Structure formats: structure tokens, C-alpha cells
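Student: I've got a model to look through and would like to talk it over. Can we take it piece by piece?

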Amino acid sequence: MKMTSEQKKLAKAKALEEARVTEERRVKKYMRAAIKQALVAQKNGEVPIGAVIVMDGKIIARAHNERETKRLATAHAEILAINKACKKVGDWRLNGAELFVTLEPCAMCAGAIANARVSRVYYGAPEKKGGACGSVHSVLPHSGLNSKTEVFGGIEEEKCLSLIKNFFEDKRKKV
Ligand SMILES: [Zn+2]
């Protein structure tokens, strides 16, 4: 039986919708893995920020903020995740990699993400005070000669935001 053009249009719309739902599920799954990392940071008394890097459908690096633990200004979740991923891949180029992070990257991390040639960044909550993916600076999305980094924000935004909010509220209560 041949499909009428109306049926074809409907089938196409249905396929597109299914692809969108599948992608949304995929992205949320990895963001939840990043949130888990943020919770590890929180347990250690760190600002709860977590990141994972995905390549070929697999998480190749997981990291969380360790600034206090390591007493290092550069120990942001994204930098630590990039370092782990480069080690794992055996290359400083992470073409095709996707980075999921609970909070919009700062200028340092956005620069590292562009330098590592990460293909896509998905972040949870915007960072109004120093976000470098459009909130304050626009280091990303980056489109250089050899690389292009796309950015998608607001993934599981409420969960990511409440992590940070609760952390600072608790801290204020303790003071
Ligand atoms: Zn950072």
C-alpha cells in the first residue's frame, strides 16, 4: 500500500519526534552521571560541580570539583575530566567528545574545552557571575579553524541549580 503525501508527512514528523525524545533521554542520562559526580564533591565539602566526558556512547572520564581537596585553583571538574580523558585516549585531541557539566563552564574551563577540541558541551545551570558560554563571557561556542565546539545549556537545570543553592544556603547556616 502506498502512503499518501499526508501520511508521509505524518510519518516523518513522528520519526523526528522520536529522535528528539531519544536524544533528550540520552543527554539527561549523562547529565545525571555528572550530577552524581557533583554529589561526590559535595560530600567532600567542595562546591558541588561534576562533569563527565562521553566518547562513542561511553563515559570515558568522570570528575568533580576538587579545588579545596587539592588546594589547586585549576582543579575544576571540567579540567580534571579533560585530563583524565586525554590520558585515556592517549591524545590531547578529544574530537568527537561530549562534555557534560552541571554548571556553565568558567573562562578557564571553556578555554580548555576549546583547546581539547571537545565537540559538544552540555551544561546544567547557567553561571551568572562568571559563565563563559554566554552568561558573562562568550569563550564558547567556539569556532576555530580546526575545531568547532557546540554548546547546549539548561539540561536538568533545576536539579543542577538546587545543588549549588542548597550548598551555599547550608554554608551560610553554619557560619
Ligand atoms: Zn572552570
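Student: How do the axes of helix 1 and helix 5 cross?

Tutor: Keep in mind that this is a predicted model. The axes of helix 1 and helix 5 come within 11 Å. As for the angle where they cross, it's roughly 5°.

Student: And what does that make helix 1 relative to helix 5?

Tutor: An angle under 35 degrees counts as roughly parallel. The crossing here is roughly 5°, so helix 1 is, relative to helix 5, roughly parallel.

Student: Which residues of helix 5 do I35, A38 and Q42 in helix 1 meet?

Tutor: Look at where the two helices touch. I35, A38 and Q42 sit on the helix 1 side. Across from them, in helix 5, are K159, C160, L163 and F167.

Student: Which strands stand at the edges of the sheet?

Tutor: Six strands form an open sheet with mixed pairing, and the order is 2-1-3-4-6-5. An edge strand has a single partner strand, so one side is left without a neighbour in the sheet.

Student: In which sense do strand 3 and strand 4 pair, and what is the bridge partner of L99 in strand 4?

Tutor: Strand 3 and strand 4 pair in the parallel sense, over five bridges. In strand 4, the residue bridged to L99 is V121.

Student: What angle does helix 5 make with strand 4?

Tutor: Helix 5 packs on the sheet, where it touches strand 3 and strand 4. Taking its direction against that of strand 4, you get about 60°.

Student: Which residues touch the most other members of the largest nonpolar core?

Tutor: That core has 45 residues. Among the elements giving two or more residues to it are helix 1 (5–43), helix 3 (77–89), strand 3 (98–103) and helix 5 (157–174). L99 touches A81 and I113, among others. The residues with the most contacts to other members are A81, L99, F100 and I113.

Student: Which residues of helix 3 are buried, and what covers them?

Tutor: The buried residues are A77, E78, I79, L80, A81, I82 and A85. Their cover includes helix 1, strand 1, strand 2, strand 3 and helix 4.

Student: How far does helix 3 reach from its first C-alpha to its last?

Tutor: Helix 3 has 13 residues, and at 1.5 Å a residue 18 Å is expected. The model comes close to that, with a reach of 18 Å.

Student: Which residue takes a positive phi just after helix 3?

Tutor: Step just past the end of helix 3 and check phi there. The value is about 75°, and the residue is G90.

Methods: Residues are numbered from 1 along each chain as its sequence is written. This is a predicted model: local features need pLDDT of at least 70, side-chain atom pairs count only at pLDDT 80 or more; totals for chains, interfaces and linings use all residues. A nonpolar core is a set of buried Ala, Val, Leu, Ile, Met, Phe, Trp, Tyr and Cys residues joined through C-beta atoms within 7 Å. A residue is buried if 20 or more other C-beta atoms lie within 10 Å of its own, exposed if 12 or fewer, and partly exposed in between; C-beta atoms are placed from the backbone. Helices (H or I, at least four residues) and strands (E, at least two) are DSSP runs, numbered from the N terminus. Two residues are in contact if their C-beta atoms, placed from the backbone, lie within 7 Å. The expected span of a helix is 1.5 Å times one less than its number of residues. Two strands pair if DSSP finds at least two bridges between them. Axes are lines fitted to C-alpha atoms, for helices over the stretch in contact, and angles run from 0 to 180 degrees between N-to-C directions. Angles under 35 degrees count as roughly parallel, over 145 as roughly antiparallel, 65 to 115 as roughly perpendicular and the rest as oblique. Lists of a residue's contacts leave out its neighbours within four places in sequence.
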